[in-house]
Amino acid sequence: MTSDNVTDGQPDPAAVAGEHRLSQQVERTGMFGTGTTGDTSGYGELRVRRPDQPATPRPYGSYFDEVADELAAGLERGGGTFPEAVSQVVVDRGELTLHVPREHLVAVARLLRDEPSLAFEMCLGVSGVHYPWDAGRELHAVYPLLSITHNRRIRLEVTAPDADPRIPSLVGVYPTCDWHERETWDFFGVVFEGHPALTRIEMPDDWKGHPQRKDYPLGGIPVEYRGATIPPPEDRRSYS
């Protein structure tokens, strides 16, 4: 009998080693078919852990080195430095992500927009992520940028702690961030300082909490039908 991991009745060493590396990189519980709780949604106590991506050494490849060099030159002309404004450069799956401390976000975004050799004219949105186990940087905001002039794409990633969930607004640099920042605040609780009207955009105005945070309860939400409530996932019937 043979399989992907068995050859001539013996385990394939390369496949076994690959599985071991994968088990070290990812810890997954929950999801669909889980038998650990009565949560029939499949998301009971869901945890997906991946190690922090290490900084990518030079050369980055593609046009990424040119973007980094032009950004560094622009920062120096303004009296700053690349290591101060960009804490980490990560190239993964053909994508460039610049990790930017929140106090440098506006300056970096404006330079990326205004420098002719960079010309990232568009911010395509703001995505929020919540990692409760990432102590001191639990909240992440990710900004995909597009240069129409040079046909290039990069991403900025900024973090903030749960205890101080403030990130400067980019509405003054990219006006299209207006609604995207409102949505990220609505769902994750990231406070975008300087936003002209940081109000709910998806949830009702009187909603309590931010429902896409991983510590937000999955059930027990009152519904508007004869006073009925949706029970918490752990109290639902299990069909396993």
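In this protein, residues 24 or more positions apart account for 48% of the contacts with a separation of 6 or more. A contact here means heavy atoms within 4.5 Å. The model is a predicted one, in which local features need pLDDT of at least 70, side-chain atom pairs count only at pLDDT 80 or more, and totals for chains, interfaces and linings use all residues. Residues are numbered from 1 along each chain as its sequence is written, and side-chain values use heavy atoms, with hydrogens and water left out.

Start with the overall layout. The protein has five helices and 12 strands. These elements are DSSP runs numbered from the N terminus: helices are H or I with at least four residues, strands are E with at least two. The chain holds 240 residues, and 35% of them count as buried. Buried means under 20% relative accessible area, exposed means over 50%, and partly exposed lies in between, with a 1.4 Å probe and protein chains only. The protein exposes about 14200 Å², and carbon and sulfur atoms supply 52% of that area. Accessible areas come from the Shrake-Rupley method with a 1.4 Å probe; for residues, only the protein chains shown count as cover.

Now look at helix α4, residues 105-114. Its buried residues are Leu105, Val108, Ala109, Leu111 and Leu112. They sit on the same side of α4, because they cover an arc of only 165° around the axis. That arc is taken from the directions from the helix axis to the C-beta atoms. What do the buried residues of α4 pack against? Their partners are α2 (64-77), α3 (82-85), β9, β10 and β11.

Turn next to the charged side chains. Side chains of opposite charge can pair when their charged atoms come close. The whole structure contains 14 salt bridges. Each one is a side-chain nitrogen of Lys or Arg within 4 Å of a carboxyl oxygen of Asp or Glu. One of them joins arginine 166 to glutamate 193, with the closest N and O atoms 3.0 Å apart. This pair links distant parts of the chain: arginine 166 is in strand β11 (residues 166-168), glutamate 193 is in strand β12 (residues 191-193), and 27 residues separate them. Arginine 166 is partly exposed at 34% relative accessibility. Glutamate 193 is partly exposed too, at 40%. Both belong to a network of salt bridges that links Arg102, Asp164, Arg166 and Glu193.

Other salt bridges join sequence neighbours. Arginine 93 pairs with aspartate 92, their closest N and O atoms being 2.4 Å apart. Arginine 93 is exposed, at 68% relative accessible area, while aspartate 92 is partly exposed at 27%. Aspartate 114 pairs with arginine 113 at 2.6 Å between the closest N and O atoms.

The surface also carries a nonpolar patch. Met122, Leu124 and Ile148 form it, with about 250 Å² of accessible area together. Patches are made of residues with over 30% relative accessible area and no salt bridge; like charges are joined within 9 Å, and nonpolar side chains (Val, Leu, Ile, Met, Phe, Trp, Tyr) within 5 Å. Isoleucine 148 lies in the loop between β9 (139-147) and β10 (152-160). This residue is exposed, at 53% relative accessible area.

Finish with the rings. There are two aromatic pairs. Tyrosine 63 and phenylalanine 64 are edge-to-face, 4.9 Å centre to centre with 80° between the planes. Phenylalanine 64 is buried, at 4% relative accessibility. Tyrosine 131 and tryptophan 133 are tilted, 5.7 Å centre to centre with 50° between the planes. Rings of Phe, Tyr and Trp (its six-membered ring) pair if their centres lie within 6.5 Å; planes under 30 degrees apart count as stacked, over 60 as edge-to-face and the rest as tilted.
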